[in-house]
Amino acid sequence: MLTESYFVSVAGPPLANNTAISKDAGIYEHTLHPSHSTTNTFKKSSTPRNCLAVSDTHVFAAQEEKSTVHVYSRAKGNQEALVTFPERIRSIALQDDVLFLGSQEGRLIVWEICTGRQVTTSACHVQAVTCIAATPYHLITGSDDSNIHVWSVPRLLELDSTIEHEPQETLSNHRAAITSLAVGQSVNPDTNICVSASKDKSCIIWNYQLGIALRTLLFPSSPLCLSLDPCARAIYVSSEDGSLYAIDLFAEKALLGPQSAEESSTAIQVSSAFGATPQEAGPASCMALNYDGTVLISGHPQGHILRWDLSSRADSTELANINASVTNIVFVSPLPSPRPTRPVTVVKPFLGSRSYNFTSQLDTDMVEDTRFSKMLKTNGLPQDALEQAILAFQAPAEDTVGDQELRKENEELWEVIKEQRALQQKTLQRYLETKSRTPES
């Protein structure tokens, strides 16, 4: 049975004296499907917005108003390490085995959790880095200075220490602090988009690889957080007045692409919300979509966790109340991509030049499966065997050295047979001639 889970973090003290909820629990693991339940808790953590990241093996939580990151082991359910950095951490994002951290001073810190290697950029932003979005090839950082930087991940991980780390693009259309970022996972530079939210009451859809603003969306109040549909079909936005908006990018009046009726420079006013959060819960401070984009989970300052069914657009359903301000919601994919290694323990970062050891656990065999073993694991005929058989029928037969020798032998044998037939025919003809000359007795 498919199980889908998500992680929730809180910040600040408990809101009420509730003995049913552990006072020192700071991170909760919930199961959404098949039935909602709390499966695990991690203690002694106060995590601000945009400061929670989850991998298959670990949970990373930057601490509020501190320069430390708590690392929790998911398998053991306890704190594995406490990592201290030289600056206060304001945002984090995880991509594979690399943790990216944004600092209060506007720097970007890169930590390879399997080697301990640490790279720190210069103060790329004038103010704090408040949010980070990552793809396998690009990193996007938003700041209180209203700017958005696009970075090349391979260049940030370059081993040459003399390389100066500078952003590839700077997106500077906003006029106030960036509050949230979301990025699509497409690798096509023409279709990959990034969405940013700002306190200037706008969201901008970007082609971030080209540095082009594709569409500007205007809201009645400042957007606090946003989430992008897994297929980049829609954007979901929470604003300060408690409204939730759903913006369909490819509806009848498409906002993007060749079907768009308006120029990309035309700003769109978004006024109709699909839902409003209950007054006692407060506006959603964080939200996340499940893996197929049918359920939206929102977290609220009064401890409420609400579920929104996007197919019916019905009113929200309360899943839990954890008695503290909810700051982050992170879904874990129920169908993770296979990886050859698995970091069982993290290696604390080290700033400086040295040799590094890669510490990880092998999850697969280093030797590839043989053709015979692949056939054993396949139901029916393997796909590659069928393709080779079809190609063999379609392609003309190629002569090999053995075929050429056989053809030569056949030709020589045919020559001998022809000579024998010619000799036989001559012998028979002479016999008949001799027989006709002989008188009958």
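Is Phe42 buried or exposed? In this predicted model, Phe42 counts as buried, since its relative accessibility is 1% and the term applies to anything under 20%. Tyr72 is likewise buried, with a relative accessible area of 1%. The rings of Phe42 and Tyr72 form a tilted aromatic pair, with 5.4 Å from centre to centre and 55° between the planes. Phe42 belongs to strand S3 (residues 37-43) and Tyr72 to strand S6, so the contact ties together parts of the chain that are 30 residues apart in sequence. The pair also belongs to a cluster, in which ring pairs link Phe7, Phe42 and Tyr72.

Strand S6, which carries Tyr72, leads on to a sheet. Strands of a sheet pair through backbone hydrogen bonds, in either a parallel or an antiparallel sense. Here four strands make an open sheet in the order S4-S5-S6-S7, and the pairing is antiparallel. Strand S4 (52-54) and strand S7 (78-84) stand at the edges with a single partner strand each, so that one side of each is left without a neighbour in the sheet. From one strand to the next, the twist averages 20°. Strand S6 (residues 68-73) pairs with S7 over six bridges in the antiparallel sense, and within this pairing Val69 has Val83 of S7 as its bridge partner.

The count of aromatic pairs in the model comes to eight, and one of them joins Tyr236 and Phe274. This pair is edge-to-face, with 6.4 Å centre to centre and 80° between the planes. Tyr236 lies in strand S21 (residues 234-239), whereas Phe274 lies in the loop between strand S23 (268-269) and strand S24 (275-276), so the pair ties together parts that are 38 residues apart in sequence. Tyr236 counts as buried at 6% relative accessibility, and Phe274, at 18%, counts as buried too, because the cut-off for that term is under 20%.

Two or more lining residues come from each of strand S8 (89-95), strand S16 (178-183), strand S20 (223-228) and strand S29 (325-332). By class, the lining of this pocket has eight charged, seven polar and seven nonpolar residues.

Finally, Arg407 lies in helix H4 (residues 401-437) and is partly exposed, with a relative accessible area of 41%. The C-alpha atoms of Arg407 and Thr120 are separated by 71 Å, and these two residues are 287 residues apart along the chain.

Methods
Residues numbered from 1 in each chain as written. Predicted model: local features only at pLDDT ≥ 70, side-chain atom pairs only at ≥ 80, totals over all residues. Heavy atoms only, no water. Pairing = 2+ DSSP bridges. Axes fitted to C-alpha atoms, helices over the stretch in contact; angles between N-to-C directions. Nonpolar A, V, L, I, M, F, W, Y, C, P; charged D, E, K, R; others polar. Buried < 20%, exposed > 50% of the residue type's maximum accessible area, 1.4 Å probe, protein only. Phe/Tyr/Trp six-rings, centres within 6.5 Å; stacked < 30°, edge-to-face > 60°.
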